[in-house]
Amino acid sequence: MSWMRATFNRLKTETGTTLIEVTVACAILLVVMSGLMGMSVLATSITENQGHLGARTTEYAVDKMEQMLELTYGDAQSNTTVFPSVNNGGTGLVFGGSSNPAAPVVGYTDYLDQSGNVLCTVASPCTATPPATWYYKRVWQISTPSATLKQITVTATVKTSVAGAQIAQSTVSAFKTNCPAGC
């Protein structure tokens, strides 16, 4: 019986973690984790909007610019709302269009799905009403700063952003010259 009394006295003198200490430690951990969670959500949102969607809009704007620069200076008929361009039914490099995605102009606008596939086709051309499945929109404007120079401006934008952030949008601009005699 003395061994039981010795064990009981030893257990009685040992100190341990109380329920209050565990509760305080959990509360501190919860506050730290909630702060980190907010930063995680913000980082994910910025990465998706400016990293992924911003890069895609830039890529798609450059793709459209390359398509436009392949046309001849005086092209007034190529349909550039489809890919590859077809040699009729379009505006080619005729003065017009808009580089404002909020004011698209028919013949100077095309739409892409989430994978980057062009939704406008010769059989189903782009109209004033965008296709229901569009995710990216590209608009372009052709201006003529001089008689032998055309400026092409292409703006690509995405339909939605993550967490209500600013919509990703990219604009590229290039000049095309008509100097047959070597200006």
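**A disulfide and its surroundings in a predicted model**

A disulfide links Cys120 with Cys126, at an S to S distance of 1.4 Å, in what is a predicted model.

Biologist: How many disulfides does the structure hold, and what is the handedness of the link of Cys120 and Cys126?

Modeller: The structure holds one disulfide, and it is Cys120 that is joined to Cys126. The angle about the S-S bond is 65°. The link is right-handed.

Biologist: Is Cys120 buried or exposed, and what is the relative accessible area of Cys126?

Modeller: Buried means under 20% relative accessible area. Cys120 has 4% relative accessibility and therefore counts as buried. Cys126 also falls in the buried class, whereas Cys26 is partly exposed at 47%. For Cys126 the relative accessible area is 11%.

Biologist: In what order do the elements of the protein run from the N terminus on?

Modeller: The protein has two helices and five strands. Helix H2 covers 19–69, and a loop that includes Pro84 lies between this helix and strand E1 at 96–97. From the N terminus on, the order is α-α-β-β-β-β-β.

Biologist: What radius of gyration does the protein have, against that of a compact globule of 183 residues?

Modeller: The C-alpha atoms fill a box of roughly 115 × 40 × 25 Å along the principal axes. A compact globule of 183 residues would have a radius of gyration near 16 Å, but for the protein the value is 31 Å.

Biologist: What percentage of the residues of the protein count as buried?

Modeller: The accessible surface of the protein comes to about 11,200 Å², and 63% of this surface belongs to carbon and sulfur atoms. Counted by residue, out of the 183 in the protein, the buried share is 31%.

Biologist: Which residues does Thr109 touch, not counting residues up to four places away in sequence?

Modeller: Thr109 has its place in strand E2 and is buried, with a relative accessible area of 4%. Once residues up to four places away are set aside, Thr109 touches Thr81, Pro104, Cys126, Lys137, Arg138, Val139 and Trp140.

Biologist: What is the relative accessible area of Trp140?

Modeller: Trp140 is one of the residues that Thr109 touches, and its own place is in strand E3. Trp140 and Lys176 are 36 residues apart in sequence, and their C-alpha atoms are 14 Å apart in space. Trp140 is buried, and its relative accessible area is 0%.

Biologist: Where is the place of Asn117, and with which residues is Asn117 in contact beyond its neighbours within four places in sequence?

Modeller: The place of Asn117 is in the loop between strand E2 (109–112) and strand E3 (136–146). With a relative accessible area of 42%, Asn117 is partly exposed. Leaving aside neighbours within four places in sequence, Asn117 is in contact with Tyr111 and Leu112.

Biologist: What separates the C-alpha atoms of Asn117 and Phe83, and which residue does a cis peptide bond join to Phe83?

Modeller: Asn117 and Phe83 lie 34 residues apart along the chain, while their C-alpha atoms are separated by 9.3 Å. The cis peptide bond at Phe83 has an omega of about -5°, and the residue it joins to Phe83 is Pro84.

Definitions and conventions
Residues numbered from 1 in each chain as written. Predicted model: local features only at pLDDT ≥ 70, side-chain atom pairs only at ≥ 80, totals over all residues. Heavy atoms only, no water. Helix = DSSP H or I, 4+ residues; strand = E, 2+ residues; numbered from the N terminus. Rg over C-alpha atoms; globule rule 2.2 N^0.38 Å. Buried < 20%, exposed > 50% of the residue type's maximum accessible area, 1.4 Å probe, protein only. Areas by Shrake-Rupley, 256 points an atom, 1.4 Å probe, with all protein chains shown as cover. Disulfide = S-S within 2.5 Å. Contact = heavy atoms within 4.5 Å.
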